[in-house]
Amino acid sequence: MENKLTVSSSPHIRSNAATHKLMLDVIIALIPASLAGIYFFGVSALAVIVVCMTSCIGFEYLSRVILLKRNNTVPDLSAAVTGLLLALNLPPSIPLWIAIVGSFFAIVVIKQLFGGLGQNFINPALGARAFLLIAYGPRMTNWTAPFAQVDAVSAATPLAALKEGGTLPNIMDMLLGNIGGCIGETSAIALIIGGIYLLVRRVISWEIPVIYIATVGLFSWILGPEGLLTGNPLFHVLAGGLMLGAFFMATDYTTSPMSGKGIIIYAVGCGILTMLFRLYTNMPEGVSFAILFMNVATPLIDRYTVPKRFGGGAHV
Amino acid sequence: MALHVFKGGVHPPQQKNTAEMATKTMGLPTKVVIPMVQHLGAPCQPKVSKGDMVKVGQVIGDTDAYVSAPIHSSVSGTVTGVDQIVLSGNRPVMCVEIKPDGLQEISETVAPPVIESKESFLSAIRASGLTGLGGAAFPAHVKLNPPKGTQVDTLIINAAECEPYITSDYRECMENTQGIMEGIKHVLKWTGISKAVIGIEDNKPDAIKKLTQAASGQISVVSLHARYPQGAEKTLIYALTGRQVPSGKLPADSGCLVMNVTSVAFIAAYLKTGMPLIKKRITIDGSAVKCPQNVEVLIGTPISEVFDFCGGYKEIPEKVIMGGPMMGVSQFSLDLPVLKNTNALIALDEKEAKLPQESACIRCGRCVKACPMSLLPLELDRAVRAGNMEDAQGKYHLLDCIECGCCVYACPAKRRMVQTIRLGKDIARRNPKK
């Protein structure tokens, strides 16, 4: 036999799982929420989505290929996912240049400066949102009412209304997304559809979203406004960025724990922190900071929740 | 208590294309090359020299070491060389090359052994040259004599055959059901173990039916959930008994003795005829093979001649694997011989042999979920690549990895954790902890 044979370490077959396929699934799962955002907030929402996605992809290419002279990681679609998630976490009225600043922060500062895909210590889109909240506070909390004409009515988000004593929207509007808020966070139903798609495609597993949402529901019911066990869990579950956060941000592979036990600690922690921020701080919303906090705690959680190896005791 | 499953694992496409093909026997090859190491343990010394005439079943290699098994000639003919040859895995091994004379004269030493005691049983097993035929190639007489202080109560017969493509054990179950039962009875009788359980994956209903009909008394058949690596020793014991072999210990430490189904059938045949281990049924399959089938091959037959017997190739073979695609060893040359523990030869075409590009770990945790040993393959990979052997061994239990390949199979970033882990084990062996 003349031709040379390939010699490699086993296994010699691989599943067809691939990073870019997982990322593409996340993008597909975010389509309903994106469409809902565009439907309720109009063309300005579409503009934010397009600008965030293209600038994230552009910054990824710039930093990887031109500055670092490494391989082009744009095809793995992770930058596109970050761009879309960032856009869905911004108010529809955000000036587009701020969206570009946010994209720079997400891709260059949080992701590439720390080593690129898989090395970031917090979720890039959430980190960028937190940065923009600090840097451009008023513009980041200027909420457009659904179906508003340009420069017209602004509306308080349900959580801000709760905090400031305004009228609360009805549950049906919150379910559909007919409320003020970030582009992609208002329509709970669209986010749940996307979340179920990710679960069915096994891109994410149920533990983080279910435990996170359940913790928020339980916590808000226990610590109700009229005393113990008087809360309205449905309101807190549907309000703010919880659905977006629980299905799409807290489940970020890189910044969530590895082991089953670690995942439970992480998800419960996200839920408790979300409610602590919502109820006992000046911030109306706590999802972003709760997830960021638990992202930072993930290496610590991983360190103390190494699974017990097979044959390592107990069952022997 | 049978759990029928284990934690972790993956579901690669089964590809059992040859399951319903009866075994064909391949004729004499033009030469046989018989390595002096075909087992785990000490190498044998060649007992013949160039120019010697040898007969079928004659001992051509042996040693005084306990953990070893003698090597026999699979043909009658003339020894044309006793040389060191590099086998796959970069191992230089003494090999005896024999040119068959076509007569297949059987050696006078081949006679049914007389068994009167456990000792004579064990020495007969040693003389048969039997090593674990499932792939591990551990000398059978050592395995059948568990260390003092262990209490073995269950003989487990491994018929799981969880690797894709391979159907050679399945054919044993279908074609030699009685032989399997006889072999089990011999082992039970002479080791004093009270019961035997045959573990087989539920994707082989015909074999389960045949075995169940033939099994009686101390022997039972348990159907297991089909999932790779069900046939790995530790996962098999766990699925059948609920016991975990303690880390770093032997199956005997959890009261079990595991034997491959073809191995026990061989014992029955050997006790009847005295013909040592000189041939093997192997599955020939893969995208580059013209006529996939099960073939009975003489040990030492060059791989290329086995493929020629199967009609050659339909595509240019780009990768040739001895064993299954999950744990088999890729061969660098088609001149290398079939060994005692070879159970399959898989030839893959260019498309299937193409190695995927590695990309960054995204920490998705698929390797963690797939690991049957409950390890963190991504952390092992990272620690070994960083040269952090302390963490790799102490914190992430490098040496507990069974190298089943589930993590690599499941990885979306196509990372080669098992390769790094093997490298890490090698480093650990060279620098034993003080």
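Guide: Two residues are in contact if their C-beta atoms, placed from the backbone, lie within 7 Å. Among contacts in chain A between residues at least 6 apart in sequence, 70% join residues at least 24 apart.

Visitor: Okay, and what kind of model is this?

Guide: This is a predicted model, in which local features need pLDDT of at least 70 and side-chain atom pairs count only at pLDDT 80 or more, while totals for chains, interfaces and linings use all residues. Residues are numbered from 1 along each chain as its sequence is written, and chains are lettered from A and ligands numbered from 1 in the order in which they are written.

Visitor: How many helices and strands does chain A have?

Guide: Chain A has 14 helices and two strands, where helices (H or I, at least four residues) and strands (E, at least two) are DSSP runs numbered from the N terminus. The C-alpha trace of chain A spans about 80 × 55 × 30 Å along its principal axes.

Visitor: How many residues make the contact between the chains?

Guide: Chain A gives 34 residues to the contact and chain B gives 55. On the side of chain B that touches chain A, the elements giving two or more residues are strands E15 (319-322) and E16 (329-331), together with helices H10 (366-370), H13 (406-410) and H14 (417-430) of chain B.

Visitor: Which domains does chain B have?

Guide: Chain B is divided into domain 1 (118-273) and domain 2 (366-430), with bounds that come from an automatic or database domain assignment. The centres of these two domains of chain B, taken over C-alpha atoms, are 29 Å apart, and six residues of domain 1 are in contact with five residues of domain 2.

Visitor: What about the largest nonpolar core, which residues have the most contacts inside it?

Guide: That core has 135 residues, and those with the most contacts inside it include Ile156(B), Ile157(B), Leu345(B) and Cys407(B); a core is a set of buried Ala, Val, Leu, Ile, Met, Phe, Trp, Tyr and Cys residues joined through C-beta atoms within 7 Å. Helix H7 (residues 261-273) of chain B provides the largest share of this core, eight residues, and at least three residues come from each of domain 1 and domain 2 of chain B. Apart from this core lies another, of 81 residues, with Met53(A) and Ile263(A) among them.

Visitor: What does Ile157(B) touch?

Guide: Leaving out residues up to four places away in sequence, Ile157(B) touches, among others, Ile184(B), Ile198(B) and Val264(B). Ile184(B) is one of the buried residues of helix H4 of chain B, which also include Val187(B) and Trp190(B), and just after that helix Gly192(B) takes a positive phi of about 80 degrees.

Definitions and conventions:
Buried ≥ 20, exposed ≤ 12 C-beta atoms within 10 Å, placed from the backbone.
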